[in-house]
Amino acid sequence: MTAGTAGCTVQPAGADGKGGSPVRIEVPSRTPSAPAPKSTASKAPAPAGPEKSSPPPGAPAPRVLWSPGDSGRDIRELQARLRQVAWIFEGPTGTYDDATTKAVRGFQGKRGLPGTGVTDSVTWQRLLGMTREPGKWELYLMGGQPADAPDPRCRNGRVLCISKSSRTLRWMIDGRTVDTMPVRFGSEYTPTREGVFQVYWKSRHHVSTLYDSPMPYAMFFSGGQAVHFSADFAARGYGGASHGCVNVRDEGAIARLYGQVRNGDKVVVHW
């Protein structure tokens, strides 16, 4: 296969017990035709409203677990669980941002909880009861995962050190990591090859002749397989796969990388 015809693209988880209906008491001595006396206890109950979960008067406020500005793995889990019940569609990002605040507030209001947008213990327990434990790639659907240790073959020279285990690419020079970014690989039917290769051709505005789709910042290392920017990866994260290429979702990061990598630089794809 010639370099010009190589190509790869993306392929396409009412009741609070206080307002029950009053009981009409029939007095035995009264005849059936005689109406029972009116009583405030015999009024029809008001229509049931949203479920109320507010603490009784005087009860301590629930403990605040996370609030806007917080970050970390726990926030990723909160966001992943909110995605499961369709209250958020971004991320997870690991940062308690405006979208997370809005999602939490909506979730609270739907269940009769105070709509603070802050995740307290009551809100969290309700969300836990409606969702399942998210897997690793739900937590890192859009990247952000830590990179694993470099393969020993990456310790010398100028290397694109690509790990299938952590789904990351390290750009390394003489054993020093210059940049790290999340990447995506081919499916089981079009797997990304593993081994040691070299960048043999770079094509800034490449378009696949096989699939007629753009492959910006393409750096070819094995036949038609290249490291390149993927708009689909940027939009869908790990919800998709490539046809064997190594996809990068951060266009700014791969633009920097493209400017530094030279033909002949080593590429190591490993587990």
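Modeller: Keeping in mind that this is a predicted model, start with helix 2, residues 98-110, and helix 3, residues 121-130, whose axes come within 11 Å and cross at roughly 85 degrees. An angle from 65 to 115 degrees counts as roughly perpendicular, and helix 2 and helix 3 are therefore roughly perpendicular to each other. On the side of helix 2 the contact is made by Val104, Phe107 and Gln108, while helix 3 contributes Thr123, Arg126, Leu127 and Met130. Sorted by class, the residues in this contact of helix 2 with helix 3 are 4 nonpolar, 2 polar and 1 charged.

Strand 4 pairs with strand 5, residues 168-173, in the antiparallel sense, and 6 bridges join the two. Within that pairing, isoleucine 162 has leucine 169 of strand 5 as its bridge partner. The hairpin of strand 4 and strand 5 has 4 residues between the strands, and in this hairpin arginine 167 takes a positive phi near 55 degrees. Strand 4 also pairs with strand 13, residues 266-270, here in the parallel sense and over 5 bridges. In that pairing, serine 163 has histidine 270 of strand 13 as its bridge partner. As background for following the strands by eye, in a regular strand the side chains alternate between the two faces of the sheet.

The cysteines complete the picture, and the structure holds 1 disulfide. This disulfide is formed by cysteine 154 and cysteine 161, whose sulfur atoms lie 2.1 Å apart. In general terms, a disulfide is a covalent bond between the sulfur atoms of two cysteines. The link of cysteine 154 and cysteine 161 is right-handed, with 80 degrees about the S-S bond. Since a residue counts as buried when its relative accessible area is under 20%, cysteine 154 is buried because its relative accessibility is 0%, and cysteine 161 is likewise buried because its relative accessible area is 2%. Cysteine 245 is another residue to look at, and with a relative accessible area of 0% it is buried as well.

Methods: Residues numbered from 1 in each chain as written. Predicted model: local features only at pLDDT ≥ 70, side-chain atom pairs only at ≥ 80, totals over all residues. Heavy atoms only, no water. Disulfide = S-S within 2.5 Å. Buried < 20%, exposed > 50% of the residue type's maximum accessible area, 1.4 Å probe, protein only. Axes fitted to C-alpha atoms, helices over the stretch in contact; angles between N-to-C directions. Parallel < 35°, antiparallel > 145°, perpendicular 65-115°, else oblique. Contact = heavy atoms within 4.5 Å. Nonpolar A, V, L, I, M, F, W, Y, C, P; charged D, E, K, R; others polar. Pairing = 2+ DSSP bridges.
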